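Hello,

Here is the structure I promised to pass on. Please open it alongside this note.

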Amino acid sequence: MVPLRLDGVVWRNRAILLFDRIPMPVAVCDVYGTVVIANPAMAAEWGTTPGSLRGREVLELFRPQEAAQVERIAQALRLGHRSRYPVSVRWDAADGVRRHGELTADPVGDSPDGTTTLLVLVRVLGDAQEQAEPPPPPPVSPAEARVLELVAGGATTARAARETSLTVDGVNYHLRRLSARLGAANRTELVARAYALGVLAPGVWPPRVSRAE
């Protein structure tokens, strides 16, 4: 018969071997999210060894996309809840690629009153696609802005001329320049493209240009 202590060592070694062979990033953390032990797949995301991750904060390694998710998990753990908690995360891997995935924290412990640890698993969903910053709206001069605002509000060319102290030809000149800059074929398309490109502020009446130079 195998002594109880030796039997425990055997099972512990088998568990560690299984832990190390799991192909997805896995770590055991304390209740505050500090890494106690990590498997090679977890360390590979950072181009390091499992031992070097010990003592690191898991939510500094894997950045949550929504801070509110983390606060809800912390509150649940304070109340002793033992559900599975998924968090959407992003991180910059060792190969320089920004990835995104789902981090799942499973509270584990010997008893409801015992010390709780977290089994953290990371499911890699792919490379994170950075959203390009939208281009700034095409610039318009103060005179063009005023003409565009009046026309967008339904003013005729004659009324726009009176309101801006320009001639009718002057108003048409500014409209032609605006149409060429925004790629509009007519006045209706000019107004529509001005809203689509952010030249005219959405949800504002009377119409207002977002920014005039």
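Below is what I found in the helices H5 to H8. Bear in mind that this is a predicted model.

First, H5 and H8. H5 spans residues 142-152 and H8 spans residues 187-196. Their axes come within 10 Å and cross at roughly 110 degrees. Angles of 65 to 115 degrees count as roughly perpendicular, so H5 is roughly perpendicular to H8. On the H5 side, the contact uses Leu 148, Val 151 and Ala 152. H8 brings Arg 187, Leu 190, Val 191 and Ala 194. By type, the residues of this contact are six nonpolar, no polar and one charged.

Next, H6, residues 157-164. Its buried residues are Thr 157, Ala 160, Ala 161 and Thr 164. They lie on the same side of H6, because they cover an arc of only 105 degrees around the axis. What covers the buried residues of H6 includes H5, H7 and H8.

Last, H7, residues 168-182. Ser 179 is found in this helix. Is Ser 179 buried or exposed? Its relative accessible area is 16%. The cut-off for buried is under 20%, so Ser 179 is buried. Leaving aside neighbours within four places in sequence, Ser 179 is in contact with Ala 184 and Leu 190. Leu 190 also belongs to the H8 side of the contact with H5.

Best wishes

Key: Residues numbered from 1 in each chain as written. Predicted model: local features only at pLDDT ≥ 70, side-chain atom pairs only at ≥ 80, totals over all residues. Heavy atoms only, no water. Axes fitted to C-alpha atoms, helices over the stretch in contact; angles between N-to-C directions. Helix = DSSP H or I, 4+ residues; strand = E, 2+ residues; numbered from the N terminus. Parallel < 35°, antiparallel > 145°, perpendicular 65-115°, else oblique. Contact = heavy atoms within 4.5 Å. Nonpolar A, V, L, I, M, F, W, Y, C, P; charged D, E, K, R; others polar. Buried < 20%, exposed > 50% of the residue type's maximum accessible area, 1.4 Å probe, protein only. Arc of directions from axis to C-beta.
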